[in-house]
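Morning, everyone. Please bring up the model on your screens. I'll go through strands, a helix and some charged pairs.

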Amino acid sequence: PTPEYTTMRVHVPAGAQAGQLLRIQVPGGSLLQITLPPRSTWKVAANGDNTVDVSVPTAPGFTTPSASHDAPPQSTGPTITWKAFPSFKPGKYSFPPLGMRPAPSLSPHPVRPSGRRRALIIGCNYKKTRAELNGCINDAHSIHDLLRRNGYPDDSCHMVVLVDDTKDKKYRPTGKNIMKGMQWLLQGVAAGDMLFFHFSGHGSQVPDKTGMEKDGLNETILPTDYYHSQITDDELWGSLVHPLPAGANLTAIMDCCHSGTGMDLPYEYTISKHAAKYGAASAHWGAPGAWTEDENPCHSLGDVVMFSGCRDDQTSADVKPIDSKACGAMTSTFLKTLQKNPNPTYAALMGDMHQELGRSGLPQKPMLTSSQKFDLESRNFSLTDGILPNGNRRVGRDKRTHFKKARSNSGFGLDHAALGKVALGAFVLNSLF
C-alpha cells in the first residue's frame with residue numbers, strides 16, 4: 001500500500017551541519033534516517049534552537065530507505081581498542097618526509113561521529129623555577145571539567161591530564177611524557193572519532209634549520225624539563241596532525257606565547273576589525289575575515305582546528321582575576337565565551353574571544369588555524385559533532401620557497417643555557433582582568 005506522510009518538526013542537535021545524517025523517531029515508533037537540509041531552510045524555535053520540517057510516514061512500523069543523496073555507510077574497518085595511557089608503549093618519533101602525494105579519496109559527504117572521544121590535557125606551572133607560572137594547572141583542570149560535561153569518559157583510555165603538581169611521575173608534563181601522550185592520543189583513531197588537545201604553559205621559538213618558516217623560526221612548547229629540549233611545531237604537526245585519518249577530528253588549544261601557527265596547520269584565518277571589536281554582533285558587516293594559505297603548507301587528511309593564545313610574534317598572558325583563580329587569559333576567555341553560548345558559530349566564537357580579550361586590555365590576539373578551509377559563519381563549534389571530510393587533494397609537506405633561518409635569539413629563549421635564567425615570553429600578569 002502507498003504510505004501516508006505528514007510533516008514533522010525535528011530539533012537539530014547542537015553542532016549539527018547541513019548534509020549530516022540524523023536518525024529520528026516518527027509517529028508510530030519507527031526510526032527514520034534523514035539528511036539535514038541546507039541551513040537556509042532551517043527555522044529557529046522560540047527557545048533559540050534550530051529546527052527543520054521533514055516529511056515522514058505515519059503508518060506504524062513503516063520505515064523508508066535513506067534518500068539517494070544521503071552519505072553512504074561510513075567505512076572505517078575494524079575498530080581498534082584504545083589502550084590505557086600507563087600501559088601504552090610509544091614508538092620512536094620520526095619526522096614526516098618532505099613531498100606531496102595524492103589524497104586517497106575525496107568525499108563530499110559529512111562524517112558521522114562514532115561516539116568515541118579522547119583527550120590529552122597539559123598544564124605546566126614550572127614550580128620552583130625562574131620560569132614559574134600560576135594558572136596553567138588551573139587551566140588543565142578547567143578544560144578537564146569542560147570535556148567531562150560534554151561526554152568525554154574520564155579514564156586512562158580516554159582522558160590523560162599531565163600536570164607538574166602530581167606525585168605520579170607518569171603524569172608529569174616532561175618532554176618524554178608529552179611525546180608519549182601525543183602518540184597515545186592518535187593510537188587506533190578512525191573516521192568519526194573526536195579528539196581534543198590542550199596545552200597551557202610556556203611557548204618559545206628556535207631557529208628553523210629546514211628553510212620552511214618564513215620568519216626563520218620554529219614555534220615551540222616547553223615541557224617542565226625544557227632545559228633538556230623543547231617540542232617544535234614540526235613535531236606537533238608530525239605527531240598530532242600528519243597521522244590523523246580522514247574523517248577524524250582534532251580540536252586543539254595552545255595557550256602559550258608565540259603560538260599563532262604552533263601546529264603548522266596550512267590555513268590561517270585573519271579576523272576582520274569589525275569582528276574583533278564587536279564580536280558576534282558584527283555579523284551584519286559581512287564576512288568576519290578570510291583564510292590564507294601558508295607559503296610552505298603542510299596538508300593532511302584529518303579535520304584539525306586550533307585556537308591559539310596569540311600571534312607568533314606575541315606573548316600570551318598568565319593572569320589572576322580579582323574574583324577568581326589564576327588562569328591563562330586565552331583559556332579563560334574561551335571558557336567564558338562557551339559559557340555564554342555553548343554552540344556558537346566559529347565566527348561568533350572568534351569574534352567574542354577577540355572582543356573579550358580586547359575589553360580586558362590585553363594586547364594578545366587569539367588565532368584560528370585549520371587543516372581544512374571552511375565557512376566560519378555556517379559551521380558551529382562542537383566538541384562532539386560536526387566533522388569535516390577531507391578536502392585536500394594532495395597531502396604532505398610542500399616546500400615551495402626556501403627561507404633563511406633567524407640569526408639571533410631575539411630574547412625568545414632560543415639557547416638552552418638561557419632558558420633557566422630569563423623570562424620565556426610572558427611572565428605572570430597579576431593585575432589584569
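Met 306 has Thr 369 as its bridge partner in β20. The strand behind that is β17, residues 303-308, which runs antiparallel to β20 and is joined to β20 by 4 bridges. Before going on, the ground rules. This is a predicted model, where local features need pLDDT of at least 70, side-chain atom pairs count only at pLDDT 80 or more, and totals for chains, interfaces and linings use all residues. Residues are numbered from 1 along each chain as its sequence is written, and side-chain values use heavy atoms, with hydrogens and water left out.

Helices (H or I, at least four residues) and strands (E, at least two) are DSSP runs, numbered from the N terminus. Two strands pair if DSSP finds at least two bridges between them.

Back to β20, residues 367-370. Strand β14, residues 267-271, also pairs with β20, antiparallel, over 3 bridges. There, Glu 268 stands opposite Thr 369. Which way do the β20 residues point? Met 367 and Thr 369 go one way, Leu 368 and Ser 370 the other, and all are buried. Buried means under 20% relative accessible area, exposed over 50%, partly exposed in between, with a 1.4 Å probe and protein chains only.

Next, an open sheet of 3 strands. The order is β10-β11-β12, with antiparallel pairing. β10 (203-207) and β12 are the edge strands, each pairing on one side only. β10 and β11 (residues 217-221) share 5 bridges. Gly 203 is partnered with Ile 221 there.

Now helix α2, residues 175-186. Its 12 residues reach 17 Å from first C-alpha to last, close to the 16 Å expected at 1.5 Å a residue; the expected span is 1.5 Å times one less than the number of residues. 10 of the 12 are buried, so α2 is largely enclosed by the rest of the structure. Among them are Met 179, Lys 180 and Trp 184. The packing partners of the buried residues include β7 (117-123), α3 (233-241) and β13 (249-255), where contact means heavy atoms within 4.5 Å. Just after α2, Gly 188 takes a positive phi of about 70°.

Last, charges. A salt bridge is a side-chain nitrogen of Lys or Arg within 4 Å of a carboxyl oxygen of Asp or Glu. The count is 14. In one of them, Lys 43 meets Asp 53, closest N and O atoms 2.8 Å apart. Lys 43 sits in β4 and Asp 53 in β5, so the pair ties together parts 10 residues apart in sequence. Lys 43 is partly exposed at 39%. Asp 53 is partly exposed at 31%.
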